[in-house]
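Visitor: I would like to learn how to read a fold from its strands, helices and pockets. Please take me through one case.

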Amino acid sequence: MGVVGGSGGVGASTFAAVLAAVAGDAVLVDLEPMGGGIDVLLGMESAPGARWSGLRLGGGRLDPALLADGLPRWGDVAVLAADVAPPSASAVTEVVAAAAELGVVVVDLPRGASPERSAALACCGLVVVLAAGDVAALAAARAVVTAMAGTRTGTLVRRGPIAAERAAGLAGAPLLGELPPLTARRDGRLDPARLPRAAARIAAGVLDGVRT
């Protein structure tokens with residue numbers, strides 16, 4: 001499952017983390033090095049364990065047990081943070097395939113197209129596009145949705161001046177839900193024990209829909 005922002009600053013990485021936390025035994029894969037690393041958002045940048053730069057991938061099959069042992073954990077979630085860009089599309093496929101044997105895989109996707117993003121999209125049963133409910137943000141979100149043609153997508157709307165149903169129509173993907181602004185702790189980081197309630201409720205609904 002993937003999560004991508006329809007525009008910058010809408011909280012896509014935060015929702016990706018919430019989705020992984022609600023899933024329980026999950027692997028959160030960060031493909032957006034320009035975001036500063038999802039480990040920073042989660043307050044675990046000093047936690048020992050591999051980031052993308054520390055993975056040794058040979059182009060074959062990655063042992064899921066080795067991946068699980070090598071990644072730092074945020075609560076029950078194993079986290080692969082992007083301190084650098086993934087080395088190749090095949091590396092992304094290799095990691096996601098191994099992670100899928102460990103539990104639910106949530107991929108924090110970049111908005112920009114790349115071979116690595118295409119490889120991740122091919123592994124996603126659903127991509128959640130998080131879009132702010134205003135005209136400019138929805139125009140940007142529609143461009144993101146259009147660029148992922150052929151991928152099953154749904155819109156999660158951040159509450160704004162445009163009603164959620166209409167916003168999803170403008171974005172070009174079915175409505176999954178409407179969110180108030182996402183908030184983290186006072187230091188700006190997300191706590192797995194105190195997830196934003198509305199985001200956790202919608203994440204549970206999204207997961208139920210994918211599983212059934």
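**Reading the strands, the pocket and a few residues**

Guide: Val127, Val129 and Ala131 point one way from β6, Val128, Leu130 and Ala132 point the other way, and all of them are buried. Buried means under 20% relative accessible area, exposed means over 50%, and partly exposed lies in between, with a 1.4 Å probe and protein chains only. Helices (H or I, at least four residues) and strands (E, at least two) are DSSP runs, numbered from the N terminus. This is a predicted model, in which local features need pLDDT of at least 70 and side-chain atom pairs count only at pLDDT 80 or more, while totals for chains, interfaces and linings use all residues. Residues are numbered from 1 along each chain as its sequence is written, and side-chain values use heavy atoms, with hydrogens and water left out.

Visitor: Which strands pair with β6, and over how many bridges?

Guide: Two strands pair if DSSP finds at least two bridges between them. Strand β1 (residues 2-5) pairs with β6 in the parallel sense over 4 bridges. Within that pairing, Gly2 stands opposite Val127, and Gly5 stands opposite Leu130. Strand β7 (residues 153-158) also runs parallel to β6, joined by 6 bridges. The bridge partner of Val127 in β7 is Thr153. From β6 the chain crosses through helix α6 (residues 135-147) to β7, and this β-α-β crossover is right-handed. Right-handed here means that, with the strands pointing away from the viewer, the path from the first strand over the helix to the second runs clockwise.

Visitor: What is the order of the strands in the sheet?

Guide: The order is β3-β4-β2-β5-β1-β6-β7-β8, an open sheet of 8 strands with mixed pairing. β3 (73-74) and β8 (175-179) stand at the edges with a single partner strand each, so one side of each is left without a neighbour in the sheet.

Visitor: How many residues of strand β2 are buried?

Guide: In β2 (residues 26-30), 5 of the 5 residues are buried, so this strand is largely enclosed by the rest of the structure. Both faces are covered, with Ala26, Leu28 and Asp30 on one side and Val27 and Val29 on the other. Strand β4 (residues 77-80) runs parallel to β2 and is joined to it by 4 bridges; there, Val29 stands opposite Leu80. β2 and β5 pair in the parallel sense over 5 bridges, with Ala26 opposite Val104.

Visitor: Which residues of helix α5 are buried, and what do they pack against?

Guide: An α-helix has 3.6 residues a turn, so residues three or four places apart point the same way. In α5 (residues 115-123), the buried residues are Glu116, Arg117, Ala119, Ala120 and Leu121. These pack against α4 (89-100), β5 (104-108), β6 and α6, where contact means heavy atoms within 4.5 Å.

Visitor: Where is Ser7, and is it buried or exposed?

Guide: Ser7 is in the loop between β1 and α1 (12-23). Its relative accessible area is 17%, so Ser7 is buried. Apart from neighbours within four places in sequence, Ser7 is in contact with Arg111, Leu130, Ala137 and Ala140.

Visitor: What is the volume of the largest pocket, and which residues are closest to its centre?

Guide: Rolling a probe the size of a water molecule over the atoms shows where empty space is left. On a 1 Å grid over the protein atoms alone, where a 1.4 Å probe fits, a pocket is an open set of points with protein on both sides within 12 Å along at least five of seven lines, and lining residues have an atom within 4 Å of a point. The volume is the space filled by probe spheres set on the points, which are joined across faces, edges and corners. Here the largest pocket has a volume of about 350 Å³. Of its 20 lining residues, Ala12, Ser13, Glu32, Gly35 and Asp108 are the closest to the centre. The largest share of the lining, 3 residues, comes from α2.
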